[in-house]
Structures are given as structure tokens and as C-alpha cells.
Amino acid sequence: MTRSAARPTRRTRLLGTGAALLLGISALAGCSAHPGQAAIVNYTNTDGVSSTVTISEQEVQDATEDLGEYAAVSGDEGLDAVFVLNALMALPAVEQLGEDYGITVTDADALDALQQIAPDVDYSPAAVDVFRYYLLATQINTLEDQDAVSARFQELQNGLSLDISPRYQGGGAWLLQDDTQLRLG
């Protein structure tokens with residue numbers, strides 16, 4: 001069977017160009033099964049209750065901007081979107097670890113600490129959660145038996161089920177543990 005090569009019509013070329021443009025725009029918007037979501041974290045708490053935390057891209061962006069203003073005043077670096085998302089994803093495990101060792105940090109504690117450095121920022125709830133994670137991690141890192149703490153954290157981290165947007169994957173920013181010490185912040 002022989003087919004002749006037909007030249008595409010102007011309309012066909014325009015439709016093809018439009019489709020390619022649309023595909024390019026949707027690729028830029030992020031390819032995820034959950035549009036607008038940076039991550040979904042599933043875990044089971046100590047009471048055996050399964051919970052899901054959904055972290056939106058907007059929450060990550062807001063917290064990154066808020067903490068960027070804090071970082072500019074305090075001189076802290078590394079508070080980028082990947083750090084923010086990693087902190088928000090690890091928060092359930094870090095909260096449980098803190099509870100295991102009698103360490104609690106409330107939202108009010110975190111907000112107070114943030115406002116002592118940069119009082120003019122209207123911090124988003126996600127920024128407060130990230131700073132609560134940071135304060136918990138700081139206290140956890142001062143505990144005596146870091147081998148036991150690290151093992152317990154690894155156990156809790158393994159209990160998290162993460163569905164992360166491809167936009168935030170890469171760069172190896174999820175460095176929470178090394179050979180000798182738990183590094184949470």
C-alpha cells in the first residue's frame with residue numbers, strides 16, 4: 001500500500017502549534033497527580049490514628065517568603081522552598097520524637113521566637129510550623145544519647161508515606177541524618 005505525503009494544512013499546523021504550546025505551559029505549571037500541592041504526608045500517630053497532611057505549593061511559597069524576611073534580619077541562610085517543604089513533611093515525625101523525649105514547642109512559642117528577631121512580618125501558619133520544626137530539632141539535637149534519638153527518628157521517618165511534587169524533588173536537600181548525629185535543621 002502506498003500513501004502519498006500530504007502537506008499539513010494551515011489549520012492543522014496551528015492546532016499542532018497550539019497543542020505544543022499548551023503542553024509546554026502545563027509542564028511549566030508542574031506535572032503532578034495533585035495540582036497545586038507540594039506534598040502529601042500520611043502517617044500513623046502513637047494512638048494508632050492514621051492522619052494525612054496536605055502541603056500546598058502556596059503554603060511553601062508563603063513560608064519561604066516569610067522566613068526569607070526573617071533570614072534577612074537574622075542572617076540565617078538556607079531557608080529555601082526545599083528546606084521549607086522538607087521541614088513541613090518531617091514535622092509529624094519530629095513532633096512525635098519531641099513528645100517521646102518530653103520536648104514540646106507550641107505555635108505561640110515559635111511565633112514569639114520569630115517575632116523577637118523580625119517583629120514586622122505577618123508570619124503564615126506554615127512559616128510558624130517550619131520554625132516550630134526548627135526549634136524542636138534544635139532541642140532534640142542537644143539530647144544525650146544521639147544514637148538512640150537517631151534510631152527512633154529513623155523509625156518515625158520510615159513510618160511516613162510521602163507523595164512529593166516533582167517540582168520539589170532533587171538536590172539532595174532531605175539530609176536529616178548522617179553517620180553520627182541526627183541533623184534536623
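Helix α3 is mostly covered, with 15 of its 20 residues buried, where buried means under 20% relative accessible area with a 1.4 Å probe and protein chains only. Please note that this is a predicted model, in which local features need pLDDT of at least 70, side-chain atom pairs count only at pLDDT 80 or more, and totals for chains, interfaces and linings use all residues. Residues are numbered from 1 along each chain as its sequence is written, and side-chain values use heavy atoms, with hydrogens and water left out.

Let me stay with this helix. α3 spans residues 81-100 and reaches 29 Å from its first C-alpha to its last, close to the 28 Å expected; the expected span is 1.5 Å times one less than the number of residues. A kink of about 50° lies at Leu91, shortly before Pro92; this bend is the angle between axes fitted to the seven residues ending there and the seven starting there. After α3 comes Gly102, with a positive phi near 75°.

Which element gives the largest share of the lining of the largest pocket? That is α3, with five residues. The lining includes Pro92, Ala93, Glu95, Gln96 and Glu99, and among its other members are Tyr43 and Leu160. Strand β1 (37-44) also supplies at least two lining residues.

Six helices and three strands are present, in the order α-β-β-α-α-α-α-α-β from the N terminus; helices here are DSSP runs of H or I with at least four residues, and strands are runs of E with at least two. Of the 185 residues of the chain, 31% count as buried.

Conventions:
Buried < 20%, exposed > 50% of the residue type's maximum accessible area, 1.4 Å probe, protein only. 1 Å grid on protein atoms, 1.4 Å probe; cavity = no way out; pocket = protein on both sides within 12 Å on 5 of 7 lines; lining within 4 Å.
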